Amino acid sequence: VSQSRYGLFVPNSMSPGQGPGLYSVFKPIGIGIKEYRVTIHNFWGELIWESDSLDELGRPAEAWDGTYRNGVPCKEDVYIWTIYARYRSGREYKRPFNGKMINSGTVTLIR
């Protein structure tokens, strides 16, 4: 993968157990990433899930299935994700929000 090809898309909803498909799990989609860490927290700040796994093309390799770290299903709610990502080009992942560049957002879990 050339250093000029990079990007990251983060979904804002998921619906586990609704059959196979793009939004049955929470999985950022990207390419050309060199360093990566994603976390999911609940409203109270409790860590629910995290990953730093990338494949050989620099794509996120793991997905959150809507369960706590012990495998218990999370309730339908809004969860907070935070991502640190540095692309192979050296740039860091940030997205615009209300005139600022941030690296966090929300994902709605729908059951």
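Trainee: How many salt bridges does the structure hold?

Mentor: Five. This is a predicted model, in which local features need pLDDT of at least 70, side-chain atom pairs count only at pLDDT 80 or more, and totals for chains, interfaces and linings use all residues. Residues are numbered from 1 along each chain as its sequence is written, and side-chain values use heavy atoms, with hydrogens and water left out.

Trainee: What makes the pair Arg86 and Glu35 a salt bridge?

Mentor: Check the distance. A salt bridge needs a side-chain nitrogen of Lys or Arg within 4 Å of a carboxyl oxygen of Asp or Glu. The closest N and O atoms of Arg86 and Glu35 are 3.7 Å apart. So the pair qualifies.

Trainee: Which parts does this pair tie together?

Mentor: Arg86 lies in strand E6 and Glu35 in strand E4, so the pair ties together parts that are 51 residues apart in sequence. Strands (E, at least two residues) are DSSP runs, as are helices (H or I, at least four residues), and the numbering starts from the N terminus.

Trainee: Why are Arg86 and Glu35 called partly exposed?

Mentor: Buried means under 20% relative accessible area, exposed over 50%, and partly exposed in between (1.4 Å probe, protein chains only). Arg86 has 25%. Glu35 has 35%. Both values fall in between, so both residues are partly exposed.

Trainee: What does Glu35 contact, beyond its neighbours within four places in sequence?

Mentor: Leu54, Tyr84, Ala85 and Arg86. Contact means heavy atoms within 4.5 Å. For another distance, take Glu62, which is 27 residues from Glu35 along the chain. Their C-alpha atoms are separated by 14 Å.

Trainee: How do you know that Asp55 and Arg59 form a salt bridge?

Mentor: Their closest N and O atoms are 2.6 Å apart. That is within the cut-off, so the pair counts. Asp55 is partly exposed at 22% relative accessible area, and Arg59 is partly exposed at 34%.

Trainee: What about the side chains of Lys75 and Asp77?

Mentor: They meet in a salt bridge, at 3.7 Å from N to O. Lys75 is partly exposed at 48%, and Asp77 is partly exposed at 25%. Elsewhere, salt bridges that share partners join Glu35, Arg86 and Glu92 into one network.

Trainee: Why is Asn42 called buried?

Mentor: Its relative accessible area is 6%. The limit is under 20%, so Asn42 is buried. Asn42 sits in the loop between E4 and E5.

Trainee: What makes the meeting of the Asn42 and Glu46 side chains a polar contact?

Mentor: A polar contact is a pair of N or O atoms within 3.5 Å; within protein, one must be able to donate a hydrogen and the other to accept it, and residues adjacent in sequence count only if both atoms are side-chain atoms. Asn42 and Glu46 meet at 2.9 Å. The distance is within the cut-off, so the pair passes on distance. Asn42 is also in contact with Ile48, Tyr79 and Ile80, leaving aside neighbours within four places in sequence.

Trainee: How do you know that strand E4 pairs with strand E5?

Mentor: Two strands pair if DSSP finds at least two bridges between them. Four bridges join E4 (residues 33-41) to E5 (residues 47-51), so these antiparallel strands pair. His41 has Leu47 as its bridge partner, and Ile40 stands opposite Trp49. The hairpin has five residues between the strands, and Gly45 there takes a positive phi near 90°.

Trainee: What makes E5 an edge strand?

Mentor: Five strands form an open, mixed sheet in the order E2-E9-E6-E4-E5. E5 pairs on one side only, as does strand E2 (13-14).

Trainee: Which residues have the most contacts inside the largest nonpolar core?

Mentor: Phe26, Ile40, Trp64 and Ile83, in a core of 20 residues. E4, E5, E6 (77-87) and E9 (104-109) each give two or more. E6 gives the most, with five. A nonpolar core is a set of buried Ala, Val, Leu, Ile, Met, Phe, Trp, Tyr and Cys residues joined through side-chain atoms within 4.5 Å. Ile40 touches, among others, Phe26, Trp64 and Val107.
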